[in-house]
Each structure stands twice: as C-alpha cells, then as structure tokens.
Amino acid sequence: MSKFMRAPLLTGLFFAGALCLGAAFTPEVLAQAEEVAAESAYSSEEYVASDGYAVFAVNNLWICISAALVFIMHLGFTTLEAGLTQKKNAVNIIFKNVWIVCTGILLYAAWGFNAMYPGDFNGYFAMGSWFGQSLNDVSMTTADYNAGYTWWGDFIFQAMFAATAATIVSGAVAERVKLPVFMLFSTLLVGFAYPIIGSWKWGGGWLDQMGFYDFAGSSIVHAFGGFAALACVLILGPRTGKYTESGIKPIVGHSMPLAVIGVFLLWLGWFGFNGGSALSADPKAVSYVFVTTSLAAASGAITSIVASYVLLKKPDVSMALNGILAGLVGITAGADTVGEGSSIVIGAIAGLLVVVAILGFDKIKIDDPVGAISVHGVCGIWGTVAVGIFSLDSSHSVVTQLIGTLAIGGFAFAFSAIAFGLLKVTLGVRVSLEEETLGLDISEHGMAAYNGFETA
C-alpha cells in the first residue's frame with residue numbers, strides 16, 4: 001500500500017471506531033450516565049454502619065489494587081516487546097500497546113463485560129450491552145452484588161484482563177505488520193472474540209458446566225492470545241532475512257535491560273493477576289496464590305536457563321526471561337488448587353517447554369520475535385492440563401482440561417485466521433520491504449524512539 005493510501009485508511013479506521021463507540025454511547029446512554037452522576041453515590045448508610053462492611057471494603061480494595069497491578073502488566077508487555085525487537089520499531093511497539101489497552105477498556109465497557117458475564121444464556125454466545133449501573137443501586141455497591149467487590153470493582157478488574165490477549169499478538173507480529181490493520185484486528189479480537197470464550201467458563205457457559213477449571217486464565221487469556229498470534233504469524237510470514245539458505249539468522253533485540261524491566265513488571269503484575277483472582281482479600285487464599293505463583297516463575301527460569309545452556313551451549317538471558325513468563329503462565333490455571341511442590345514442577349516443565357517450543361518454531365520458520373506463541377500458547381495449554389494432573393481437587397480431570405484448552409485455542413486460531421485472512425485479502429497485512437528495512441517508527445509514525453536514530 002502506498003504512503004498516499006495509508007493516511008485515508010488510518011482515518012477511516014478511526015472513523016469506523018468512532019462509529020462503533022458512538023453506537024454504544026448513544027445520547028440516551030449518555031443522558032442516563034449524567035442522571036446517575038447527579039444521584040448520591042451511596043444510599044446504603046445502614047450497610048456502611050454494619051459489622052460486615054469493613055470486610056467488604058477490604059475485599060473490594062484488594063480487587064481494585066489487583067486491577068492496578070494487572071494494568072502495570074501492560075507497561076511490562078510494552079517494555080519487553082520493545083526490548084526484544086529492533087530499536088527502529090520501538091515507537092511502533094509502544095503505540096500498539098497504548099491502542100490496545102485504551103480500546104480494550106472502552107470496548108469492554110460498551111459490550112464485553114455484559115457479554116462475558118451474561119448469567120442465563122445458551123452457554124456458547126451471549127449478546128453484551130453497556131455496563132453502566134446506577135450508583136444509587138444498593139445491590140451494585142454492597143455485598144448484595146458480591147461479597148468481595150462492587151459492580152465497578154468487578155468491571156475494572158476484568159477490563160484489565162481483556163486487553164492482554166492482543167498484547168500477546170502484538171509481540172508475535174512485531175516489525176512487519178501494518179499498523180492500521182493491526183489496530184483493526186486487535187479491536188475485533190479484544191472487543192468480540194475474547195468475551196465469547198470468557199463466557200464459556202467465567203460466565204457459566206458450557207465449559208463451566210462440564211467442570212473445566214481455569215483459575216486466572218492460562219487458557220482463557222494466555223492460550224487464547226497465543227493461538228490467535230499463531231494464526232496471524234502464519235498468514236503474515238517471517239521477517240525479511242530471518243530464514244536464509246544458509247540457516248536461521250538471528251535478529252537480536254536492541255535492549256536487554258528494557259526486556260528485563262518488562263519481565264519483572266509482569267511478575268509484579270501477576271500478583272494482581274493471580275492474587276486478585278481469589279476475588280477477595282482472604283488471607284489464606286491470597287498469600288497461598290502469591291507463593292505458588294512465585295515458585296512456578298522461579299523454577300521456570302531455572303529450567304529454561306539449564307535447557308538453553310545444554311541446547312545452545314550458552315546461558316541465554318532471553319530464554320531465562322521467557323522461562324519466568326512460562327512458569328507464570330503455567331501456574332495461572334491452578335495457582336489456588338495445586339500444592340507448593342506441584343507448582344515448582346509445573347513451572348519447571350513450562351520452562352523446559354518454552355525453550356523447546358521457541359527453537360522448534362524457528363526450525364519450521366514460524367517467526368515470533370518475542371516468543372509469545374511459545375510462552376502463552378504452548379505453556380497456556382500445559383498449565384491448563386496440569387490442573388488435571390496436580391490439582392488437590394479430585395473433580396478436576398485431564399480430559400476435561402484438555403477439551404477446554406483445545407476448544408479455546410481452536411476458537412482463537414479459527415477466529416484470527418478468518419479475520420486476519422480477510423484483512424490480508426482486502427487491505428494487505430504486511431508493510432513493504434522498503435518500510436520494513438527502514439523501520440516502522442519512521443515509515444508508520446514519522447519519528448524515532450531514540451534521538452538522532454534513523455536507520456540502524
């Protein structure tokens with residue numbers, strides 16, 4: 001696509017987005033919101049004065065803090081992806097992550113929240129709606145709604161999860177995807193596909209009915225994002241020069257310090273991701289999940305370090321970082337229901353799997369600059385199945401867990417293959433060779449991430 005066509009396309013994308021949001025935020029909805037704002041924030045003085053209010057307040061505060069921790073993960077994804085890719089594409093990485101989190105929150109409010117938690121529905125698909133409720137409704141602001149949080153605490157915590165899947169895709173397609181096309185695809189993925197599969201388990205749908213268990217989203221968030229990324233990468237193709245007749249040519253990231261900052265921010269955020277999924281500030285539940293989460297992350301790092309040393313003849317720091325993330329993804333499905341020793345085993349196996357998967361995908365010429373497919377897709381499946389193997393709850397079975405994770409991964413792959421495939425046919429999904437060589441910061445944004453940098 002020529003430079004002269006890109007501007008109208010980008011303008012059209014924003015116009016389409018405005019129309020979508022405009023359809024959700026109608027004058028009637030906005031008028032209702034203004035009316036709600038004019039009401040008193042609480043009409044539940046009796047409840048506030050009750051003995052149970054203190055516990056409820058602490059629970060809700062923890063959910064909101066957890067939401068903030070999950071929000072920090074978006075900064076972690078941004079710095080990790082930027083660090084593991086070339087500096088000529090850093091602005092592009094940053095821009096995509098800004099777009100993802102902002103559109104994700106708005107779309108989750110406009111449709112996703114009430115599609116993901118529909119209550120009575122056919123178990124497979126539910127129509128969503130605007131999430132707003134009256135501040136004067138005691139059933140939304142007290143334990144009448146939930147013992148752990150208010151309606152709005154519930155929304156903001158779940159909204160922080162919603163955008164994560166697209167950040168996984170962002171890293172996998174980095175350095176060669178057209179920006180407007182990615183923006184459109186990520187809107188579809190986060191706005192519509194994610195709430196559908198989320199409703200299958202967390203909304204009481206068919207996976208929940210069959211006993212599938214995914215505590216904080218090894219499959220619902222991570223495998224979903226990983227297999228969406230796989231479909232996009234297969235359609236997009238590898239970066240130019242990555243695979244040559246003489247073998248695989250490494251395209252190294254420009255800043256390992258940035259990558260390390262990203263991983264430790266993600267580990268920090270995971271305390272909210274998993275700890276908040278206890279859905280209360282229960283001392284036993286939260287502290288236990290913190291421990292299993294950290295044990296799995298640490299063991300994932302150690303086995304990935306050893307595996308990279310054996311297979312690559314050197315201790316690869318990028319593999320160590322991906323080992324931490326592999327352990328975190330692996331434990332996410334069962335952080336509350338496996339033993340401490342089991343969490344170490346789960347993380348250790350995830351750390352080994354991620355090294356083997358990254359090297360394996362490279363051998364079959366599937367180019368994933370940050371290892372997102374391996375970390376989130378492969379280890380997401382492993383973590384979900386591991387619940388059936390290690391869970392302290394005998395009702396969790398390997399077969400049910402396998403069915404659930406394959407259904408989620410399969411849906412993500414099929415949806416992304418169709419959506420991204422249609423975008424390839426209609427708009428084209430890949431930048432030109434000239435733009436890829438110059439770098440997306442200059443070709444897509446007209447600016448550089450580092451002062452004075454242009455082409456290196």
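## A salt bridge at R430

R430 is partly exposed, with a relative accessible area of 24%. In this predicted model, R430 is joined in a salt bridge to E436, with 3.2 Å between the closest N and O atoms. E436, at 9% relative accessibility, counts as buried, because the cut-off for a buried residue is under 20% relative accessible area.

The whole structure holds five salt bridges according to the search. In one of them the side chains of E175 and R239 meet, at 2.5 Å from N to O. This pair links distant parts of the chain, since E175 lies in the loop between α8 (164–172) and α9 while R239 lies in the loop between α11 (218–236) and β1 (243–244), the two being 64 residues apart. E175 is buried, with a relative accessible area of 3%, and R239 is buried as well, with a relative accessible area of 4%. A network of salt bridges links E175 and R239 with D367.

Another salt bridge is formed between D362 and K242, whose closest N and O atoms are 3.8 Å apart. Here too the pair links distant parts of the chain, with D362 in helix α15 and K242 in the loop between α11 and β1, 120 residues apart. Both D362 and K242 are buried.

## The nonpolar core

The largest nonpolar core has 106 residues, and the members that touch the most others are V169, L189, Y194, F224 and F420. Helix α9, which spans residues 179–201, gives the most to this core, with 12 residues.

The surroundings of V169 can be listed once its neighbours within four places in sequence are left aside: V169 is then in contact with F182, F185, L189, G225, A228, A229 and C232. Among these contacts is L189, which is itself one of the residues that touch the most other members of the core.

Helices α13 and α15 each supply at least two residues of the patch, and the largest share, six residues, comes from α13.

## Two lysines with positive phi

Although K313 is not a glycine, it has a positive phi of about 65°. K313 is placed in the loop between α13 (283–312) and α14 (317–332), and it is exposed, with a relative accessible area of 68%.

K365 also has a positive phi of about 65° without being a glycine. The loop that holds K365 runs between α15 (340–363) and α16 (372–390), and K365 is exposed, with a relative accessible area of 52%.

## Confidence in the model

The protein chain has a mean pLDDT of 90, and 88% of its residues reach 70 or more. Over residues 10–24, however, pLDDT stays under 50, and for this segment the model has 10 contacts beyond four places in sequence. Residues 33–43 likewise keep a pLDDT under 50, with 14 contacts beyond four places in sequence. Where pLDDT is low, predicted coordinates should not be read in detail.

Conventions: Residues numbered from 1 in each chain as written. Predicted model: local features only at pLDDT ≥ 70, side-chain atom pairs only at ≥ 80, totals over all residues. Heavy atoms only, no water. Helix = DSSP H or I, 4+ residues; strand = E, 2+ residues; numbered from the N terminus. Buried < 20%, exposed > 50% of the residue type's maximum accessible area, 1.4 Å probe, protein only. pLDDT = per-residue confidence, 0-100. Contact = heavy atoms within 4.5 Å. Core = buried A, V, L, I, M, F, W, Y, C linked by side-chain atoms within 4.5 Å. Salt bridge = Lys/Arg side-chain N within 4 Å of Asp/Glu carboxyl O.
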